[in-house]
Every structure is written in C-alpha cells, then in structure tokens.
Amino acid sequence: MIFAALRDLQWRRRRIVIAIVGTGLVFAMSLLMSGLANSFSVEVNRTLDRQGAQAWVILATSPGAFSPGSFLLPGDVAAIIATTGPQSTPVLYGSAVADLGRSRPADVSVMGIGEGGLAQPSHLVEGDSLLGEGKVITPRSLGLHTGDQLSLSGRVFTVSGVVDTASVRAGLPLLQMDLADAQGVLVGGQPVVSTVLTTDANPTLPAEYRTQDKPAVARGLMRPLKNAVQSIQFVKALLWLVAALVLAAVVYLGVLDRTRDIAVFKATGASTAAVGAGVCVQAVVVAVLAAVLGVGLGVLLAPRFPMQVDIESGSMMSLPLLAMAIGMLAGMLGVRRVAGIEPVTAFGGP
C-alpha cells in the first residue's frame, strides 16, 4: 500500500508540486514570523551583553534602567560611583530623529556613554571606537561611512566609526556618542543620565537606589513590544492553520479521486488500516518536502526582510517535525474518508 501511495504521488505530481510550493511558502512565512519575534529579544540581549555590566543602578522609584523620563541627577551619579567604584559608567538613553541629509530623516535611538570603560562601542567594521565631542558611531544599517555627517536636534555630528549591528527596540538604529553630546540632543543639555552601569553585581547602595540585573533590564526594554510580539505569534498560528488546511484539502481530494482504486484494494483483501497508512504516508511526504522548501525559502528571504530576522536553528530543525504532525492530522481526514468506501464500489458503473 505504501508503494502504491508513492506511485500515486508520482502520477499526480503536478498537483503535488503545487501543494508543496504553496505549503512551503506558508511554512517559510511562519519561520520568518518566528525569527522576527525572536529578533526583538536577540537585539536587546546583544546590546546589554556588549555593555559589559553586571548591574544597572537606578532610582528605587524608577520602573527600569532605560525607562523614559526617569533620570539620575549629578548628585545621584556621584553617590552611586562612590559606592560602586571608578569602573562604573553613567549612560543616557533616548529616542530622536536624525537628519541624514538630502531630506532623509530616520528614527533612531541614542545612547550617551560617560567615562568608566563600560558600554564602549565594539564590533566595528570601519573607523574607531573613540568617542568625543561631535563624534558619533552608527550601525551599518544606516548606510553611513566614516567621515559622513548627520544632524540631531540641530547639532551636526561626524561619523567616527561604524559597527556591524546596533539596535535596542524593533531594529531602530542605535547611535552611540559621548554623554555630554547625548545630553544636548535628548534633554536640552541637562546633566542627567538614565542609569549607571557597574561590574559589581551586588553593590551596597543607599536606600534611594536599587540595581537591576540583565534579565530585568531586558524585560523592561521588551515591555513596549509585548503587543507586537503577541500579534506576530498570532499571525504565525494562523499560518500554521492555513498550512494544515492546504494539506488536508490536498489529501482529501486525492482520496476522492482514488475512490474506485481504494475500493479495488479493499475488494482484493487490503485492510482499511493499510490503505489509510498509505494516505498518511502521502500527507507526511508532502508536508516534509514543503517544510524543507520552507526552511530554504526562509533562509533566503530573511536577509531581504525589512526588519532584522533571527531564525533560530531550533526552529529550522523543529519545522519538519511539526510538518510531519500536520501531515498526520491531514492524513487522518483522508483515512476517515477511506473507511467510508465500500469494496462493492469497485464493481459499480462509471
């Protein structure tokens, strides 16, 4: 029965190829959606890892290390550094609109980095990582090069270095600059910072301050993206449903086309279970081939996606397994149809 099922796939190859391509596209989109949702946490963790800190010090009343409108004053920074040591680094974070010239505005995130040695730009692809007045380090995604200029809040900055990737929220390019310049761009020159980074994971701080570890900071940065991530996951679930329906339709129509053949098999002694197994094999073969195609398309399309897509290797490995499960479910629909075919049908008229 299994050999007959495989030969049937060969006989109906045009229809099967169309089903594989269509289902493969759906699988590819689900893989891209999964990678898109994953990219939000990847970029946050990548940025925090590169800062080299073990703790982020904030006010005890502050909701998070990079929460808008929550600042540390110069007295706060001095008190914190007196406790955590000279290796601590004050950082200011915020959002702005950069003018890249020729009427090319771009929404960006800005991170101002003070003295202390932490949060220094890394993974440069050109230029150097030295921060100074009027200098900015940009990610490659902005398309700028060393020596180019951009404008932020009426201030002109020169690109001194370019890093491979730098973003914090939803692929928004992250510009890194000197703390004083960031204060001028984001808060009108006020001497405030968002947080103080330290390598001391558990510093003894005055009661008005507290620390956040990396997971807590990451959760705070991801919180505004919660609805976006849930929406993407919902779309991914719908895509899986579409894939299952496509496979079920193909299998069911295939059984309808083979009603007389299946009746002949039954009339010659084949059991319903054996014929049903052949139907399930057909569904699984189509699903697995579609999954392989989907993985290939996902890998090819990910670099061309408007936003960064980080497809996990685990997702690519699990896709064929999930496809097999969908194929089995689709096959069961065909098996139910097979069970209703009577052997006498083989001896009926056309």
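1. Let me start with the largest cavity: helix H2 gives the largest share of its lining, 3 residues. Please keep in mind that this is a predicted model. H2 covers residues 13-51, and both H2 and strand E8 (174-178) supply at least two residues each to that lining.

2. How big is the largest cavity? Its volume comes to about 120 Å³. In total, 13 residues line the largest cavity, and those closest to its centre are Thr47, Arg50, Pro121, Leu174 and Gln176. If you sort the lining by class, you get 6 nonpolar, 6 polar and 1 charged residues. Searching the whole structure turns up 5 cavities of 30 Å³ or more.

3. E8 runs parallel to E3, and 5 bridges join the two strands. Within E8, glutamine 176 is the bridge partner of methionine 111.

4. On to strand E3 itself, which spans residues 105-113. Is this strand mostly covered or mostly open? E3 is mostly covered, with 7 of its 9 residues buried. On the E2 side, E3 pairs in the antiparallel sense, over 9 bridges. Tyrosine 93 has methionine 111 of E3 as its bridge partner, and methionine 111 in turn has glutamine 176 of E8 as a bridge partner. In general, side chains in a regular strand alternate between the two faces of the sheet.

5. Strand E2 takes in residues 89-99, and threonine 89 lies in it. Why does threonine 89 count as buried? Its relative accessibility is 0%, and buried means under 20%. The side chain of threonine 89 reaches the backbone nitrogen of leucine 118, at 3.0 Å.

6. Which residues does threonine 89 touch, leaving aside those up to four places away in sequence? They are Ile113, Gly114, Glu115, Gly116, Gly117, Leu118, Thr195, Val196 and Leu197.

7. Finally, some whole-chain numbers for context. The protein chain has 9 helices and 10 strands. It holds 350 residues, of which 47% count as buried. Among contacts in the chain with a separation of 6 or more, 78% are between residues 24 or more positions apart.

Terms used
Residues are numbered from 1 along each chain as its sequence is written. This is a predicted model: local features need pLDDT of at least 70, side-chain atom pairs count only at pLDDT 80 or more; totals for chains, interfaces and linings use all residues. Side-chain values use heavy atoms; hydrogens and water are left out. Helices (H or I, at least four residues) and strands (E, at least two) are DSSP runs, numbered from the N terminus. Buried means under 20% relative accessible area, exposed over 50%, partly exposed in between (1.4 Å probe, protein chains only). A polar contact is a pair of N or O atoms within 3.5 Å; within protein, one must be able to donate a hydrogen and the other to accept it, and residues adjacent in sequence count only if both atoms are side-chain atoms. Contact means heavy atoms within 4.5 Å. On a 1 Å grid over the protein atoms alone, a cavity is a set of points where a 1.4 Å probe fits but cannot get out, and a pocket is an open set with protein on both sides within 12 Å along at least five of seven lines; lining residues have an atom within 4 Å of a point. Grid points are joined across faces, edges and corners, and a volume is the space filled by probe spheres set on the points. Ala, Val, Leu, Ile, Met, Phe, Trp, Tyr, Cys and Pro count as nonpolar, Asp, Glu, Lys and Arg as charged, and the others, Gly among them, as polar. Two strands pair if DSSP finds at least two bridges between them.
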